[in-house]
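Student: I've got a structure open and I'd like to learn how to read it. Could we go through some features together?

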Amino acid sequence: MTTPAPLLDADVPRPVLDVIARLRELGHAVFLVGGCVRDTLRGVHPKDFDVATSALPEEVQRAFRKVIPTGIQHGTVTVVVGGTHVEVTTFRSESEYHDGRRPSAVTFEQDIVKDLSRRDFTINAMAWNPLSHELVDPFGGQEDLKARVVRCVGSAIERFSEDGLRPLRAVRFAAVLDFRLDPGTQAAIPATLPIFRKVAHERVREEFVKLLLSKRAEFGLELLAETGLLEVFLPELALADAEAARLARAAAAAEPVDVEIRLAALLADLVDSQRAEEIGVRLKFPTKTIERVRLLISHASLERHVGDSEPALRRLLAKVGLANVEALTSVARARIQAREPARLPELELLFGRLQALAASKPPLSGKDLALNGGAIMATLGVGPSPIVGEATRFLLDQVLDEPSRNEPETLKELLRRWQQARGS
């Protein structure tokens with residue numbers, strides 16, 4: 001087989017080549033496998049280079065000075081070469097999957113084809129030796145790459161029954177790579193949804209985020225809905241009426257590409273902030289992500305503020321925080337672009353006003369006041385008490401109306417008048 005040009009021109013890191021060379025020297029079969037071969041054939045530099053070999057884990061350990069037994073029970077060790085970590089896994093086959101997540105046992109093999117036959121998709125089931133230029137492609141991965149199709153290795157029902165995450169990975173690959181799903185592969189997804197339901201939410205979230213951040217997020221979300229996957233982990237979107245779901249999917253392509261912005265744009269017109277928080281908790285998102293998405297959704301309907309005065313907009317900024325202005329306008333823009341594009345010009349004017357106000361860095365919280373707590377107590381002639389908090393809120397309200405008031409003498413005078421008006 002003629003070696004494809006992208007493989008001949010590939011830039012494989014020297015430590016990876018050294019590991020391959022050493023194992024070959026000892027008489028073992030050795031290849032790069034999986035995503036690094038797929039991406040190299042696509043002309044994309046891989047993020048990781050995974051090595052597969054006929055050498056048993058203990059033979060790999062003896063072959064190198066520094067080896068970390070990262071997953072030795074499954075045949076994987078990490079070889080450290082010059083500070084670079086190279087993952088090396090023994091060829092293996094797998095027994096039946098009893099829980100839809102892991103095989104009950106693995107068997108080490110000498111044949112690379114047996115190893116490739118256990119993999120999920122043909123585009124991930126290729127092996128290549130960059131020293132001998134041998135390419136092993138028993139399932140037509142190259143043809144599927146050229147055809148831009150995601151196809152299971154062998155029986156799709158079997159592959160999806162083995163690992164419940166694979167159906168979601170199939171959709172994610174289609175979205176991220178701008179491919180389509182092979183009809184037989186897509187048809188197998190609904191029948192294996194019970195297996196998918198067993199997958200940990202953390203693993204679902206990881207794949208979902210990759211899909212959401214892809215250039216074809218809208219397509220990926222539509223495919224999740226068509227296959228029934230979406231209803232399992234995001235029923236709020238799957239069960240929405242057709243038009244609402246369509247608009248939400250369109251909004252999810254918000255720019256810039258940021259998981260919090262895209263998640264907020266997707267959910268803003270489907271759920272309230274409380275339900276958004278519940279979704280975030282369900283999918284095991286980090287607390288900071290959940291909190292920011294909830295904040296963005298709470299204020300996403302910026303079209304309500306088109307006619308607001310500057311004091312009203314400063315109060316909005318006080319609730320949102322200067323750090324979130326860009327993200328909030330991105331979410332609002334995506335929503336309106338999907339729902340009411342004719343309103344974008346007036347929205348852009350509002351965004352400009354908000355950004356200009358944010359750039360002026362007005363006082364938006366108690367800590368921004370020109371008087372601290374001690375100065376407020378001294379002016380009022382009181383000690384620590386609830387009145388200090390009331391006074392702080394009064395002063396903040398005054399400077400939100402007019403930021404120029406935020407200087408010590410002006411605030412002291414305002415405080416004295418406030419105190420007199422309260423009769424205290």
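Student: Let me begin with a helix. Which are the buried residues of α20?

Tutor: Keep in mind that this is a predicted model. The buried residues of α20 are V325, A327, L328, T329, S330, V331, A332, A334, R335, I336 and A338. That makes 11 of the 15 residues in this helix, so we call α20 mostly covered, with buried meaning under 20% relative accessible area.

Student: What should I know about how residues point in a helix?

Tutor: An α-helix takes 3.6 residues for each turn, so residues three or four places apart point the same way. As for this one, α20 covers residues 325–339 and reaches 21 Å from its first C-alpha to its last, close to the 21 Å expected at 1.5 Å a residue.

Student: Now rings. How many aromatic pairs are there in the whole structure?

Tutor: A search of the whole structure turns up 5. To read one, look at the distance between ring centres and the angle between planes. Take F31 and F91: their centres are 6.4 Å apart and their planes sit at 35 degrees, so this pair is tilted, as it falls between the cut-offs of 30 and 60 degrees.

Student: Where in the chain do F31 and F91 lie?

Tutor: F31 is in strand β1 (residues 30–33), while F91 is in the loop between β5 and β6. They are 60 residues apart, so to speak, and the pair links distant parts of the chain.

Student: Are F31 and F91 buried or exposed?

Tutor: F31 counts as buried because its relative accessibility is 5%, and F91 counts as buried at 0%.

Student: What kind of pair do F196 and F233 make?

Tutor: Their ring centres are 6.3 Å apart and their planes are at 75 degrees, so this one is edge-to-face. F196 belongs to helix α10 and F233 to helix α13, so the pair ties together parts that are 37 residues apart in sequence. F196 is buried, with 2% relative accessible area, and F233 is buried too, at 3%. Ring pairs also bring in F208, giving a cluster of F196, F208 and F233.

Student: Which charged ends sit over rings?

Tutor: Here you look for a charged group above a ring's face. The charged end of R172 sits over the ring of F173, 4.3 Å from its centre. The charged end of R216 sits over the ring of F219, at 3.7 Å from the centre.

Conventions
Residues numbered from 1 in each chain as written. Predicted model: local features only at pLDDT ≥ 70, side-chain atom pairs only at ≥ 80, totals over all residues. Heavy atoms only, no water. Phe/Tyr/Trp six-rings, centres within 6.5 Å; stacked < 30°, edge-to-face > 60°. Helix = DSSP H or I, 4+ residues; strand = E, 2+ residues; numbered from the N terminus. Buried < 20%, exposed > 50% of the residue type's maximum accessible area, 1.4 Å probe, protein only. Lys NZ or Arg CZ within 6 Å of the ring centre and 35° of its normal. Expected span 1.5 Å × (residues − 1).
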